Amino acid sequence: MREMAGLDEGAPLFVQVAERLADEIADGTLPEGERVPSTNELAAYYRINPATAAKGIAMLTDDTLLEKRRGIGMFVAAGARTRLLAERRKRFAERYVQPLVAEAGRLGIDADELVTLIRESSHGQGGTRP
Amino acid sequence: MTPAISVAGLSRRYRGQLALDNVSFDIGSGSITGLLGRNGAGKTTLLRIIAGHEFASAGSVRVLGARPVENDHVLRQMVFVREDQAYPDFRVGKAVQAASWFYPNWSHERAGALLEEFRLPLNRKIKKLSRGMRSALGIVIGLAARAEITLFDEPYAGLDPVARQIFYDWLLADYAEHPRTVLLSTHLIDEAAGLLERVMVIDRGQIVLNSGTDELRGGATSVSGPAIAVAEFTSGRPVWNRRRVAAQESAVVAGALDEADRARAAALHLHLEPLTLQQLVVHAVGSPEPPARERTSA
């Protein structure tokens, strides 16, 4: 299998390219107002067709996370991170908490024990309590 | 817009053998398409007819809107790199020079860089080159020509993995700067998967699959785990193929899975793995997939 910088076969490549960029916007690696890599830069990095990279960019433009500045390139739109985080919070329970609780149930870990485990893990990672 | 390549009802018969059987497709300009299929499936015949090297028995081929055969205008905008290309008794440098005279968009700069990258000795006679080096020379000409229609037929006989990676990276880089219509026949599907926007699969002279790679990816998933759980998960879904050992089973399920499906698979302790493009193509060619549709030509 040819190395495509971590992209896999599970989903359309353009969706994966868009998700990678969205991750970088969400964690602040790509701050608002920052220029995002061009289609050709992304194509060369991931070793994918430029049209595929362009579709990934277009997906984020449609979601208004990116904006085009004529002649210069694509930039992270104002408010992109806030909107992205709000959207991801909404999906958090469904994507992470529900499977976590289900697996805990299978292993006989009750809710109190689960909460304790999360606290410990959170301390270990230097996380803060609200 | 006129398609870059338009093939309609194309058939080619050799002494009663049907090498191409009523093939039709259009390829838009500015795209990279993979032409896939087993040995003898008809890939080379199809490319040779598109390149104007061979006549059709029936049907039509239009390249850039015109018939390619003996059409100088079209031929100068089309480069065809074959597996084991035959060259006159030239040295490498002379062959490259001759190609540069023929192709109007030729890039000397790109040719020079590629010759160096592939470490091709300009003074060496082509006859004295190794098989891999001859392939590399074909690739240099194919890329430096910057021809609107670029046809590669298994261009990498004898090339090592490093040289193949050079080919993919330079094809991508040059294509990004100078978009054109590339048709690449290959067996190394997974290696080339990221480059391809479309794949056409040809089997026994017929196109059996013609689809965008985005639509294909994720189109089938291998589900494995305890046989009872696999049976529960796959019930009511189209299954291409099942394998079983003791109480473990692995089944290939056609169709995309959604989040609910994934959650259910996780709850059943099943392992999901998407099929690679190569595996999808193998299924398209040789699998006993939809049992309702029988193959007539066996």
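**Salt bridges in the predicted model**

Arg204(B) is partly exposed, its relative accessible area being 42%. The structure described here is a predicted model. The side chain of Arg204(B) forms a salt bridge with that of Asp203(B), with an N to O distance of 3.6 Å. Asp203(B), by contrast, is buried, because its relative accessibility of 7% falls under the 20% limit.

A salt bridge also pairs Asp261(B) with Arg237(B), whose closest N and O atoms lie 2.9 Å apart. Elsewhere in chain B, Arg110(B), Arg146(B), Asp174(B) and Arg180(B) are joined into one network by salt bridges that share partners.

Over all chains, the structure contains 18 salt bridges. One of them is formed by the side chains of Asp214(B) and Lys55(A), at 2.6 Å from N to O. This pair joins two chains, because Asp214(B) is located in helix 8 (residues 213–216) of chain B and Lys55(A) in helix 3 (residues 50–62) of chain A. Asp214(B) is buried, with a relative accessibility of 12%, while Lys55(A) is partly exposed at 36%.

Methods. Residues are numbered from 1 along each chain as its sequence is written. Chains are lettered from A and ligands numbered from 1 in the order in which they are written. This is a predicted model: local features need pLDDT of at least 70, side-chain atom pairs count only at pLDDT 80 or more; totals for chains, interfaces and linings use all residues. Side-chain values use heavy atoms; hydrogens and water are left out. A salt bridge is a side-chain nitrogen of Lys or Arg within 4 Å of a carboxyl oxygen of Asp or Glu. Helices (H or I, at least four residues) and strands (E, at least two) are DSSP runs, numbered from the N terminus. Buried means under 20% relative accessible area, exposed over 50%, partly exposed in between (1.4 Å probe, protein chains only).
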